Amino acid sequence: MAATPLALAGCSGELSALDPAGPRAANLALLWWVMFWGAVVLFVLVMVLFALAYLRTEWIGRLTPGQWIVGGGLVLPVPVLVLLTGTALVLGEQLLPRGAAPVQLSAHASRWHWSFAYPDGTIMSDDILHIPAGQPVDITVTAEDVIHAFWIPRLGGKIDAIPGRINRIRLEADAPGSYWGQCAEYCGEGHDIMFFRVEAHAPDDFAALLGEASR
Ligand SMILES: [Cu+2]
């Protein structure tokens with residue numbers, strides 16, 4: 001465990017969910033940290049109990065089986081579960097797309113690339129998804145052949161791309177920039193190269209791009 005902070009220092013970067021660049025991704029990163037520290041606290045607690053039992057300290061010998069069951073079976077897990085489950089419910093609920101976002105785009109997965117389209121059906125070229133920065137964007141996700149998954153770790157959660165089904169995900173980038181996405185469901189030998197790029201533009205630039213695309 002001593003090495004964990006070191007290992008986590010390497011968690012920034014293009015495909016890191018712990019380096020959020022949007023409010024939805026920030027929710028997920030916060031949930032990750034709550035789960036992580038919850039697990040750390042539990043681990044330490046269990047290790048302390050283990051050490052006390054091993055050292056056979058006097059007061060631990062005085063505990064009755066009933067006290068162990070109530071302490072370990074109720075008093076310990078109830079607040080932990082309430083905290084962890086509550087956080088997950090609240091943060092997860094905020095990810096749901098309610099109503100329709102002003103910008104609607106679509107993503108179509110096939111072995112082994114992505115194609116993206118503007119609302120009027122114009123295809124965006126070169127495996128690049130253009131979005132406006134600073135506002136929520138809805139992306140409808142479908143697939144051609146097998147199940148893939150659409151995932152841009154720095155912008156938000158992932159969603160399955162399933163043939164014959166339309167799934168919707170809402171994402172948002174805080175600032176203009178480039179973000180990387182990757183298919184997150186094993187889909188065959190080209191799975192590892194099934195990545196794409198998201199270009200977030202200032203709203204004016206995005207509107208200009210939309211205008212160009214529809215001409
Ligand atoms: Cu895949």
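Predicted model: local features only at pLDDT ≥ 70, side-chain atom pairs only at ≥ 80, totals over all residues.
The copper ion is held by four protein donor atoms, which belong to Cys183 (SG), Glu185 (O), Cys187 (SG) and His191 (ND1). These donors lie 2.0 to 2.4 Å from the copper ion. Along the chain, the donors follow the spacing C-x1-E-x1-C-x3-H. The angles subtended by the four donor atoms range from 90 to 122°. Four donors count as tetrahedral if all angles lie between 85 and 135 degrees, and the arrangement around the copper ion is therefore tetrahedral. Two of the donor residues were also examined for their accessibility. Cys183 has a relative accessible area of 2% and is buried. His191, at 15% relative accessibility, also counts as buried, because the term applies to values under 20%.

An open sheet of three strands, with the order β4-β10-β9, shows mixed pairing. Its edge strands are β4 (128-132) and β9 (177-182), each of which pairs on one side only. From one strand to the next, the twist averages 25°. Strand β10 comprises residues 195-201 and pairs with β9 in the antiparallel sense, over six bridges. Within β10, Phe195 stands opposite Gln182.

Further pairing involves strand β5, which spans residues 137-143. This strand is mostly covered, as six of its seven residues are buried. Strand β1 (residues 103-110) runs parallel to β5 and is joined to it by seven bridges. In this pairing, Gln104 has Asp138 of β5 as its bridge partner. Strand β8 (residues 167-171), by contrast, pairs with β5 in the antiparallel sense over five bridges. Here the bridge partner of Val137 is Leu171 in β8. In general, the strands of a sheet pair through backbone hydrogen bonds, and the sense may be either parallel or antiparallel.

Twelve aromatic pairs are found in a search of the whole structure. One of them is formed by Phe116 and Phe196, whose ring centres are 5.2 Å apart. The planes of these two rings stand at 55°, so the pair is tilted. Phe116 lies in strand β2 (residues 113-117) and Phe196 lies in strand β10; the pair therefore ties together parts that are 80 residues apart in sequence. Both Phe116 and Phe196 are buried. A second pair, Trp180 and Phe195, is edge-to-face, with 5.9 Å from centre to centre and 75° between the planes. Trp180 belongs to strand β9 and Phe195 to strand β10, and the pair links parts of the chain 15 residues apart. Trp180 is partly exposed, with a relative accessible area of 29%. Phe195 is likewise partly exposed, at 40%. Elsewhere, ring pairs link Trp32, Trp33, Phe36 and Trp37 into a cluster.

With a relative accessible area of 9%, Ser16 is buried.

Technical notes
Residues numbered from 1 in each chain as written. Heavy atoms only, no water. Donors = N, O, S within 2.8 Å, 3.2 Å for Na, K, Ca; no water. Tetrahedral: all angles 85-135°; square planar, octahedral: opposite > 155°, others 65-115°. Buried < 20%, exposed > 50% of the residue type's maximum accessible area, 1.4 Å probe, protein only. Pairing = 2+ DSSP bridges. Helix = DSSP H or I, 4+ residues; strand = E, 2+ residues; numbered from the N terminus. Axes fitted to C-alpha atoms, helices over the stretch in contact; angles between N-to-C directions. Phe/Tyr/Trp six-rings, centres within 6.5 Å; stacked < 30°, edge-to-face > 60°.
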